[in-house]
Amino acid sequence: MASSSSPPQPRQSPPPFAAQNPTAQGPGHGALPAAFSNLQISRGAAPPPGAPHGLTPQTAPPAFVPRPAPLAAARATFPGSPTAPPFVRAPTASAALSFGRSPAPAPQQPPPPFGGPPGAVSQLPPKFGGPPGAVSQSLPPFRGPPAAASQAPPPFGGPSAAASQAPPFGGPPGAGSQTLPFGGLAAMGSQPAPPLFGGPRPTFPGQPVASAAASSQPMPPSFGAPQQPPPPFGGPPQFGGLRSGVQQSFAAQSATISQQPPFMGPPRANAPAFGPRSWQSQGAGSGAMQPPIRMPGILGSMPPNTLGQGVPPPGTPTIPYSPHAGTQVSTPSKIDPNQIPWPMPEASVIIYETRQGGQATIPPAASSEFIVKDTGNCSPRLMRCTVNQVPCTGDLLTMSGMPLALMVQPFSLPHPSEEPIQLVDFGEIGPIRCSRCKAYINPFMRFVDQGRHFICNLCGFSNDTPRDYMCNLGPDGRRRDADDRPELCRGTVEFVATKEFLVRDPMPAVYFFLIDVSMNAIQTGATAAACSAIAQAISDLPEGPRTMVGIATFDSAIHFYSLKRSQQQPLMLIVPDVQDVYIPLQTALILPVSECWENLKQLLESIPDMFENNRVADSAFGAAMKAAFLAMKSTGGKLLVFQSVLPSLGVGSLSAREAEGRANITTGDKEAHKLLQPVDNTLKTMALEFAEYQVCVDVFLTTQSYVDIASISVVPHTTGGRVYYYYPFSALSDPAKLFNDLRWNISRPQGFEAVMRVRCSQGLQVQDYFGNFCKRVPTDIDLPAIDSDKTVMVTFKHDDKLQENSECGFQCALLYTNVYGQRRIRVINLSLSCTSMLSNLFRYADLETQFACFLKQAANGIPTSPLPRIREEATNTCINILQSYRKHCASVSSSGQLILPEALKLLPLYTLALTKSVGLRNDGRLDDRSYWMSHVSSISVLLAVPLVFPRLFPIHDLTSRADDDSLIPSPLMLNSENVREDGVYLLENGEDGLIYVGNMVDPTTLEQMFRVSSLAALPIQLVLEQFDNELSRKVNEVVNEIRRQRCSYLRLRLCRRGEPSGDYFRSFLIEDKVPVGFSYVEFLVHVHRQIQSKMT
Ligand SMILES: [Zn+2]
C-alpha cells in the first residue's frame, strides 16, 4: 500500500503546537490527520478461504486501502466523528485565561516531550494538553495537567459505513462466514509453542555498585569537557550560570535537566500557576513560632446531651507555653465560628529558599503557590518530611505521637519559574560517593584538611578526596568552588550514570497496548474509546528512534499484530491457549514507532469494526498480560491494559466476590475486609516477574460491573503503575477522560528501570517504604517505571540518638533510565536540624505531610482490619498528638479549653474527613474502596488532602463574582448550609468533579450552562460543553483550571437532590452530621473529651 512505504512524517515533524485532534483544522494539524486518513477507505475483500492461520503468522485480509492523502490536506474523518469539534470549543480568549499564565518562550520548538503540559485548550478539540497551536495564547506553564480537553466523546467507534461489507480483519479464514467471532478459532494450539524469549535476564542489583574508582583508582587526567549528553527531557541544555569554567580539571559538568518543558515563564501574579489555590492556614514558611489555637467555648456550646462528664467549665484564658499564647482566646460561652480552624487561602506567591543562614527553612504548605530556590536542601515538592526538625530520640518521637516519614516524589513538576535541576557529569569516574555508606556527594559533606578529606554527613566516615576533585577551602571552611558545583550547593542534582550502574544497555521507551475486545467491551463502546484514545495519544509518545510500540487485543484468546511497514497491512497472530501462553513471533511484535506508525493507525481504526459482532464474553485478562509481557521481556517497558469486564478465563481469572462482600458488610461480618485482599497469589506472582524484567503495568478499567480491583490492582501496584477507573463506563462522557488520562500517562515526566534508595544519618534507619513498586531487598525498591505523579512514603525509626545542634541528613538516590535511553542518578538531599524539645516538633510539624502519611497508613490497613477499627485508629492518632501537645506544651492551660498547636490546627478537620472518606465509610462498593486504596498508595502530598477534603465552589454566580484575578472562586465550607437549592455547585477532589444542580435553579442558568430548559431535561451523563455565553465560558475555565492544578482530568458527574447522585454528593459535605459520623463541631468536642479523659 502506498502509505506504508512513506516515511512516518507525522512523527518526524510534529507540528510544534498543533492541535492534535483529528478533527482539528488549525495550523499544523497534520500530525494525526495523515494517520486518520484511512477512514473512508473501502475495505478489502474477505480473506480467501483456507488462508493460513493458526501457528503460522496469519495475514489479515487487507483491511483497507489507504487513500493517499496529502498530509496537509488530510483531515480526520473518523466514522461517526463529528466534523465539528465535539466540545471544548473554548474560544481563544478563554483559553488564554485558563492557561495563559506563562509566557511561552519557545512556541516554535518542538513540543516538549515531557511535561508537555497537557493543558492547552485549544478551541479545537480535545487533545488534552494539546499544546501546540494554542501555545502562543494559552500555554500551560507546567504542571501541565491534562487539562482541558474535550469532554466530548471521541468520535471513534461509530460503525463505519463500510463496516457491513468489511470482513473482520483477520477473520477466521476458512470459516467462510464473515460474522464469526474472532478468537477461539485459530488452530495454534496444535503446534508446539515457540520457545519463550530467551533473552538474558536483566538482573538489577538492588543498588548501584559502589564507585570504588572514586578513591582507589588513579584519577583520569582532566577530561576536558566531555560531550554533554542531551538533557533527558528534551529541554535546552542550559548551564544555569553555574560552573563558569574554572573547574575544568575534573570535568564535572552540569547541565540543566529539563524535566520541565522549555517554557519557563514567570508566573502571573496572583494566579497560581500550578497547584491548588492554597488554602492552608498554617503559617508555615516564615519559620516564626505560631501561637497555639485555643478553642474555648466548645464545651459551652455543646448540645446538652453531650455536656457534663464533670468537666470543669472553660476557664479563663491561661498562658500556655508559647509566648504568643492567649492571643486567640475568646469568650467561653459560645462557639465563635471564626475560631474553628478552617483552611484559609494563601494570599500570594511565596518565594521559598530551602536554606537560609546555614539552616533549613520551613517549607510552605504543599497546597500554596510557591517558587523554590534550591539553596542546599531539595525542593519540598521532591521530598518533604513530616517534621521539619528531627527528634533526637525515639522516645521524644513516640511522646509526640507524630510519624517520622518522608514523602518522596522524585519527578514532581516544578514551578515554571524554578531553576531546572542541574546535570553533573563526572566522566568515567562517576559521581563521588562515601566509600563506606555509598552516599552521594552533597552540600552537607564537609571537606577538611585543606580539602584532602571529606566527612560523610550520613555515616560520619572520613573519605579521601579524589585527587582531581580536590579544591582549597576558603576562610569559611567551604570549598572555594562550592558555589560553582551543583553537587556542592544544590539539594537536588542529577548525575550521569557510569557503566557500573548498568547491567545492560539502557532500555528503549517501550509502550505496549493491550485492549479488551470481548463482547461487553465492544458493546459498551469501551474498545472504541480505547482505540481512539491510543490513536490520538500516540503522537505524544516520547520522540526518538528508540521509542517502540506494540499492540494486542484479547477476549478468550489473545491476538497479536505484526505491524511492519513492509507489510501491506497488519498481520494478526492468534494465541488461543490462555492457560499456558506464549508469543507467536520472536520479533516484530514490538517495533520502533517510525516503522509501524501507519499500520498501527490503521489497525486502531479498524479494531472496533473487526470485532463489532464479537460474541465472546470471556476475557483472558491475566493471560493476555502474561503474553504481552513475554513480548516485552527482552526490553521492559510500559504495558497499558484496557480492561472492561471481570477476567473470567485463563491464568489469573477471577470470580465475582462482590455479592458476597455486600452481604458481609451489611451483616457486619468481621471478615468483610478480606474481600479487599487479592483473591490469591497468582497475579502477585506474575507481577513480581513483570517487575523483574522492568515491565510496568497500568490498567484502565472501563467497566459496567464489578471487576475485583482488589485482585487486579496488585499488578500495577507491584510494577510502578496505577489503576484508572471508569465506572460505570459511559461511551458518551468517558472517552474524553480516557484519552486525557492516557495522554498524560505517556507524556508526563517519567523514567524506567529505576532503583531507589533512601539513606539517612546515623541514629535513624529506614523502617519501610510505601507506594507502587517491587521490593526484593530491604534497602531498595525497584520501580519498573516512575513518573511525576508517583510518591513513595519512607518511614524511619531511631536506632540511636541524634546529637542536638547537629543536623540529620536524608538522601534519596534514584537510578533510572530516561525516555531517551540515558541512565541517570537523581540525588535529592534534605538536611534538617535535630531537636530535643517536644515543642519544636509541634512548631515545625508539617500538617499536609503528616496527613498524607495517616491517609496512606489507613488505606494500608483496610484489607487487614475492620473499617470501624481503621476509623478509630485514625481518630486516636489525632487525639494522641493533640493530647501530647496539651500535656507537655500547654499544660498550664485550663482543661476546659481545647488547645491546638498552630501547625496542626486542621488535623481534626482532616481526620474527620478521612473517617468519612470513600475508603473508610461503611457504604460503598467493594471496587470503589479497592480503587480508593490503590489510588492512595502512590498519592502525592498535594493531592492527599483534597482526596478526602474536597473543594466546593458555587458556579451559578461565576459571572457576578468580584474579579479578584483568580480563575476559580474561593471554596466554600463543606456543609449543607452552603448548598442552596437555587444554586449550582462544583465539588472536586482531584479525581471526580461533582456538579450539583439544585431543585430550584433559575432556568436561565440551566440554559446557559447546559443548554436545557428545565431540570427534567438534564441528561444523566454529563458532557460539559462550552456555549456562547459568559457563564458557560467561566464554568469551563474553572473546570479546566482545576484539571490543570490537579494534573488530572476530572470525571464530571451530575448530581441532583432526591437521587443517589445527590446523596453521593452530600456524602462529601464532611462537616455535616451524618448517621454514622460526627459533625465538625461534634468531632472537636469528642476529641476534646478524649484528651481530657486521658489527662485525668
Ligand atoms: Zn557515608
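Leaving aside neighbours within four places in sequence, Gln 704 is in contact with Thr 524, Ser 644, Tyr 727, Pro 728 and Phe 729. The model is predicted. The protein holds 26 helices and 34 strands, and 65% of its 1096 residues are buried. Of the contacts between residues at least 6 apart in sequence, 78% join residues at least 24 apart.

- Gln 704 sits in the loop that runs between β22 (695-702) and α14 (709-712).
- With a relative accessibility of 40%, Gln 704 counts as partly exposed, since the partly exposed class lies between the 20% limit for buried and the 50% limit for exposed.
- The C-alpha atom of Gln 704 is separated by 8.5 Å from that of Tyr 726, a residue 22 places away along the chain.
- Two of the contacts of Gln 704, Tyr 727 and Pro 728, are themselves joined by a cis peptide bond, with omega at about -15°.
- Pro 728 belongs to the loop between β23 (723-726) and α16.
- Most peptide bonds are trans.

**Helix α16**

- Helix α16 covers residues 734-747, which is 14 residues.
- From its first C-alpha to its last, α16 reaches 20 Å, close to the 20 Å expected at 1.5 Å a residue.
- Because 14 of its 14 residues are buried, α16 is largely enclosed by the rest of the structure.

**Positive phi values**

- Most residues other than glycine have a negative phi.
- Gln 450 has a positive phi, near 55°, and is placed in the loop between β12 (446-448) and β13 (453-455).
- The relative accessible area of Gln 450 is 47%, so this residue is partly exposed.
- Glu 753 also has a positive phi, near 30°, but lies in a strand, β24 (residues 750-760).
- Glu 753 counts as buried, because its relative accessibility is 1% and the buried class is anything under 20%.

**Packing of α18 against α19**

- Helix α18 (residues 847-861) packs on helix α19 (residues 867-888) at an angle of about 155°, and their axes are 9 Å apart.
- The two helices are therefore roughly antiparallel to each other, as angles over 145 degrees fall in that class.
- The crossing of α18 past α19 is right-handed.
- On the α18 side the contact is made by Gln 850, Phe 854, Ala 858 and Gly 861, and on the α19 side by Ile 870, Thr 877 and Ile 881.
- By class, this contact of α18 with α19 comprises four nonpolar and three polar residues, with no charged ones.

**Packing of α19 against α20**

- The axes of α19 and helix α20 (residues 907-915) cross at roughly 175° and come within 9 Å.
- This pair is therefore also roughly antiparallel.
- From α19, the residues Arg 871, Ala 874, Thr 875, Cys 878, Ile 881 and Leu 882 meet Leu 907, Pro 908, Thr 911, Leu 914 and Thr 915 of α20.
- The contact of α19 with α20 divides into seven nonpolar residues, three polar and one charged.
- Ile 881 in α19 meets α18 residues and takes part in the contact with α20.

Conventions: Residues are numbered from 1 along each chain as its sequence is written. This is a predicted model: local features need pLDDT of at least 70, side-chain atom pairs count only at pLDDT 80 or more; totals for chains, interfaces and linings use all residues. Side-chain values use heavy atoms; hydrogens and water are left out. Axes are lines fitted to C-alpha atoms, for helices over the stretch in contact, and angles run from 0 to 180 degrees between N-to-C directions. Helices (H or I, at least four residues) and strands (E, at least two) are DSSP runs, numbered from the N terminus. Angles under 35 degrees count as roughly parallel, over 145 as roughly antiparallel, 65 to 115 as roughly perpendicular and the rest as oblique. A crossing is left-handed if the near helix is turned anticlockwise from the far one by less than a right angle, and right-handed if clockwise. Contact means heavy atoms within 4.5 Å. Ala, Val, Leu, Ile, Met, Phe, Trp, Tyr, Cys and Pro count as nonpolar, Asp, Glu, Lys and Arg as charged, and the others, Gly among them, as polar. The expected span of a helix is 1.5 Å times one less than its number of residues. Buried means under 20% relative accessible area, exposed over 50%, partly exposed in between (1.4 Å probe, protein chains only).
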